[in-house]
Amino acid sequence: MKKIYKKYFLIIILILIIDILSKLWILKYFDLYETTEILSVLNLFHVHNYGVAFSIFSSETLWNRCFLSILSIIIIVFIFKEIVKIEKKEKTDFCFILAGAIGNLIDRIHYGFVIDFIDIHINNWHFATFNISDCSIFLGMIIYIKKRIKTNFK
């Protein structure tokens, strides 16, 4: 394995370890729907997401679970091919997205849902509850968009 690929492999593994351990911790120490305030704008709130972002396509059916798992696998394969295809360019954005997609796929296959627990809110307005994998995907997208903007305006 090339040295550069080792770097990206380590990024993916590190994110997956943090994601998996955080979700196991939530499962062990929090009941479903239990909330604990961490900061005035941050709660830990244990929920199960049977859908995708913002609980879109959320249902507890086997069809939904299979469909979303297959969709995730297709996305993971596509991103992995992009990482391998791109030469001599920074690939951190794709690694963050890939790690997040794998983390949520592991949940979906193992549990039938994704474990979410990060609840950001202002007073009674709550953003969607999410997890480390979702943060990783979001950060990867921000890096990707920033690279695209930088490239297009050169």
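Leu10 counts as exposed, because its relative accessibility is 56%. Exposed means over 50% relative accessible area, buried means under 20%, and partly exposed lies in between (1.4 Å probe, protein chains only). Leu10 sits in helix α1. Helices (H or I, at least four residues) and strands (E, at least two) are DSSP runs, numbered from the N terminus.

This is a predicted model: local features need pLDDT of at least 70, side-chain atom pairs count only at pLDDT 80 or more, and totals for chains, interfaces and linings use all residues. Residues are numbered from 1 along each chain as its sequence is written, and side-chain values use heavy atoms, with hydrogens and water left out.

Leu10 belongs to a nonpolar surface patch of about 760 Å². Helix α1 (residues 3-29) gives the largest share, 8 residues. Patches take residues with over 30% relative accessible area and no salt bridge; nonpolar side chains (Val, Leu, Ile, Met, Phe, Trp, Tyr) are joined within 5 Å, like charges within 9 Å. Accessible areas come from the Shrake-Rupley method with a 1.4 Å probe; for residues, only the protein chains shown count as cover.

Ile20 is also in helix α1. Its relative accessible area is 33%, so Ile20 is partly exposed. The C-alpha atoms of Ile20 and Gly103 are separated by 7.1 Å. Along the chain, Ile20 and Gly103 are 83 residues apart.

## Overall layout

The chain holds 4 helices and 4 strands. Their order from the N terminus is α-β-β-α-α-β-β-α. The chain has 154 residues, and 37% of them count as buried.

## Salt bridges

The count is 5 salt bridges. The criterion is a side-chain nitrogen of Lys or Arg within 4 Å of a carboxyl oxygen of Asp or Glu. Asp19, Lys23 and Asp107 are linked in a network of such bridges. Lys23 and Asp19 meet at 2.9 Å, N to O. Both lie in helix α1, 4 residues apart, about one turn of the helix.

Lys23 also forms a salt bridge with Asp107, with the closest N and O atoms 2.9 Å apart. This pair links distant parts of the chain: Asp107 is in helix α3 (residues 92-111), Lys23 in helix α1, 84 residues apart. Lys23 is buried, and so is Asp19. The relative accessible area of Lys23 is 2%. Asp107 counts as buried at 4% relative accessibility.

Asp93 and Lys147 make another salt bridge (2.9 Å, N to O). Here too the pair links distant parts of the chain, with Asp93 in helix α3 and Lys147 in helix α4, 54 residues apart. Asp93 is buried at 1% relative accessibility. Lys147 is partly exposed at 29%.

## Helix α4

Helix α4 (residues 132-152) has 21 residues. From its first C-alpha to its last it reaches 30 Å, close to the 30 Å expected at 1.5 Å a residue. The expected span is 1.5 Å times one less than the number of residues.

The buried residues of α4 are Ser133, Ser136 and Gly140. Seen down the helix axis, they fall within an arc of 60 degrees, so they line one face of α4. The arc is that of the directions from the axis to the C-beta atoms. On the other side, Phe138, Lys146, Lys150 and Asn152 are exposed.

At its start, a side-chain oxygen of Asn131 comes to within 2.9 Å of the backbone nitrogen of Ser133. Ser136, in α4, is buried at 4% relative accessibility. A polar atom of the Ser136 side chain lies 2.6 Å from the backbone oxygen of Phe96. A polar contact is a pair of N or O atoms within 3.5 Å; within protein, one must be able to donate a hydrogen and the other to accept it, and residues adjacent in sequence count only if both atoms are side-chain atoms.

## Positive phi in loops

Most residues other than glycine have a negative phi. Tyr33 has a positive phi near 70 degrees. Tyr33 lies in the loop between α1 and β1 (35-39). At 57% relative accessibility, Tyr33 counts as exposed.

Asn123 is not a glycine either, yet its phi is positive, about 55 degrees. Asn123 is placed in the loop between β3 (114-122) and β4 (125-126). Its relative accessible area is 67%, so Asn123 is exposed.
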